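Hi everyone, thanks for coming. I'd like to take a few minutes on charged pairs and nonpolar packing, so let me put the sequence and structure up.

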Amino acid sequence: MNEKRMIRLIQKHNTKAFELLIDTYSHYVGAVIRNVIGQTMTNEDVEEVAADVFVEIWNSPHKLCENKVRPLLSAIARNLARNKLRNINTAVSADENDFLLFDDSFENEIDRYEKAEIINDALGTLSETERDIFIRFYYLGQSTKIIAQALEMSVTAITSTLSRGRRKMKKYLNENNITM
C-alpha cells in the first residue's frame with residue numbers, strides 16, 4: 001500500500017491502514033523518543049510514549065500529509081517525550097532552536113513559524129533518504145557514524161548526502177528569494 005492511500009484510509013479510521021502505519025514507523029518513533037530521553041526512562045516508558053504518539057495520530061488523522069509522515073511523527077514523539085520528562089521532573093537538554101523566551105512577542109512567534117514552514121518546504125525538495133539523514137543530523141543531533149550504522153551506509157555516503165542536501169536546500173531558498 002502506498003503512503004498516499006494509507007493516509008487516506010487512516011483519515012477514514014481504517015484500522016488495517018493504521019496498523020500498517022504503526023508497523024512501518026514504530027522503530028523510527030522509538031528512536032526519536034530515545035534520542036530525547038536518553039537513559040532517563042525505562043523501555044516501558046518509551047513504549048508508552050510511542051503508543052501515545054500513535055494515539056495522537058488516530059485522534060487527529062487530518063494532520064497526516066503525503067511525504068510529511070516522518071516529520072510529523074518525529075515532532076509528536078519529541079514533544080510527548082519532553083512532556084514525559086517534565087512529568088518525572090527530569091531536566092530536558094534543550095538545543096538552541098528549542099528556546100522559547102517568555103517575553104517573545106507575537107511577531108517573533110509568527111516569524112519562527114514561518115521559518116519552520118520554509119525549512120519544511122525546502123526539506124520537501126530532498127529525497128526521503130536525504131530528509132531522514134538531515135533530520136537525524138540537524139534536528140536529532142545524531143553523529144554521521146550513528147546515522148551510517150542506523151541506515152547501513154558508509155560515513156562518507158552520509159557526509160556526501162548532507163553536503164548535496166545543503167546545496168539543494170540553498171538552491172531552493174535562492175530560487176525563491178528567501179533569506180534566513
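**Salt bridges and cores**

Let's start with Lys84, which counts as buried because its relative accessibility is 17%; buried here means under 20% relative accessible area, exposed means over 50%, and partly exposed lies in between, with a 1.4 Å probe and protein chains only. Before I go on, a word on the source: this is a predicted model, where local features need pLDDT of at least 70, side-chain atom pairs count only at pLDDT 80 or more, and totals for chains, interfaces and linings use all residues. Residues are numbered from 1 along each chain as its sequence is written, and side-chain values use heavy atoms, with hydrogens and water left out.

So, which residue forms a salt bridge with Lys84? That is Asp45, with the closest N and O atoms 3.9 Å apart; a salt bridge is a side-chain nitrogen of Lys or Arg within 4 Å of a carboxyl oxygen of Asp or Glu. The pair links distant parts of the chain, 39 residues apart, with Lys84 in helix α4 (residues 69-87) and Asp45 in helix α3 (residues 43-59). Helices are DSSP runs of H or I, at least four residues, numbered from the N terminus.

Arg70 and Asp132 meet through their side chains at 3.1 Å, N to O. This pair also links distant parts of the chain: Arg70 sits in α4 and Asp132 in helix α6 (residues 128-139), 62 residues apart. Arg70 is buried at 18% relative accessibility, and Asp132 is buried at 10%. Then there is Lys63 with Glu56, at 2.8 Å, N to O. Here Lys63 is partly exposed at 36%, and Glu56 is partly exposed at 27%.

Now for the nonpolar side. In soluble globular proteins, nonpolar side chains tend to be buried together. The largest nonpolar core has 31 residues, and those with the most contacts inside it include Leu21, Ile57 and Leu73. A core is a set of buried Ala, Val, Leu, Ile, Met, Phe, Trp, Tyr and Cys residues joined through side-chain atoms within 4.5 Å. Which helix gives the most to this core? It is α2, with 10 residues.

Finally, a second, separate core has 13 residues, among them Ile133, Ile158, Leu162 and Met169. Thanks, and I'm happy to take questions!

Notes
Helices (H or I, at least four residues) and strands (E, at least two) are DSSP runs, numbered from the N terminus.
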